[in-house]
Amino acid sequence: MNIEEYIASGILELYVLDELPATERAEVEQMCEVHKEIRLELSLIENTMGTLALHTAVMPPPALKEKIKTQISASAPKAIEMPTVAPERPFNFAVAASVSVAILASALAFYFYSQWQSTQGQLEVLIAQNQEVADNYQFVNKRLQGLESDLDILSSPDYARIAMNGTENSPQSLATVYWNSHTAEVYLKIQNLKSLSEQQQYQLWAIVDGVPVDMGVFDTSTDLLQMKSVSAAAAFAVTIEPKGGSENPSLETMQVVGTTEV
């Protein structure tokens, strides 16, 4: 069958009307690819039938359109309203890390502050202890120097040792004067004198040419007391006087007395 006979067989019109079986439709499509004349004829037939369909088409009544739309709406699946879920707020790792660092820094700051407070307290205790040790050392050192100085005086041959024994007023009383007649220095060492009231004081006297000379007032003490100077004296005596001393001795209160003459 040549091309003219194939076109004239009417198979192309059946193809456009979709009336051919699958095998013959495939044959038509293959023939169109091989023969340009058949492809042009098939296109002419499709255009002609399309134009004819437009001219012979019958418009459906308006009610039919609305009916179809109603049926489509009734048969259309209803939309299911899904519950709305609030979007989860994304976890901010940077903020969490910042908070963790802040908490850790606060904990470390509190720890080191506590350690500093404890160390500061211990340091203050050590400073106080060191100060106490230093004060004690100064006191002992000063006391030792005083004892060394007293020992030098007590053992020095330059000082005359005048023992003053108790009088009838106080037989148990005892005191010693250390007198350097060259330098006129006088020291008093108390061995035994009774305690006095707050309104009274002991007063040392030097007897110079038969006249009592004030050598100073004193309270009971274990230290070697430096008294007023005197270059010449026949005797020394101690009386009880009002606090601050007297110009003249109260002989009736004399406690001890000793002469410088050997």
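1. The chain exposes about 19,200 Å², and carbon and sulfur atoms supply 59% of that area. Accessible areas come from the Shrake-Rupley method with a 1.4 Å probe; for residues, only the protein chains shown count as cover.

2. This is a predicted model, in which local features need pLDDT of at least 70, side-chain atom pairs count only at pLDDT 80 or more, and totals for chains, interfaces and linings use all residues. Residues are numbered from 1 along each chain as its sequence is written, and side-chain values use heavy atoms, with hydrogens and water left out.

3. The chain has six helices and eight strands. From the N terminus on, their order is α-α-α-α-α-α-β-β-β-β-β-β-β-β. Helices (H or I, at least four residues) and strands (E, at least two) are DSSP runs, numbered from the N terminus.

4. Of the 262 residues of the chain, 22% are buried. Buried means under 20% relative accessible area, exposed over 50%, and partly exposed in between (1.4 Å probe, protein chains only).

5. Asp18 lies in the loop between helix 2 (11-16) and helix 3 (22-34), and Asp209 in the loop between strand 4 (200-208) and strand 5 (211-218). Asp18 is exposed, with a relative accessible area of 53%; Asp209 is also exposed, at 76%.

6. Tyr111 belongs to helix 6 (residues 93-155). With a relative accessible area of 46%, Tyr111 is partly exposed.

7. Among contacts (heavy atoms within 4.5 Å) between residues at least 6 apart in sequence, 55% join residues at least 24 apart.
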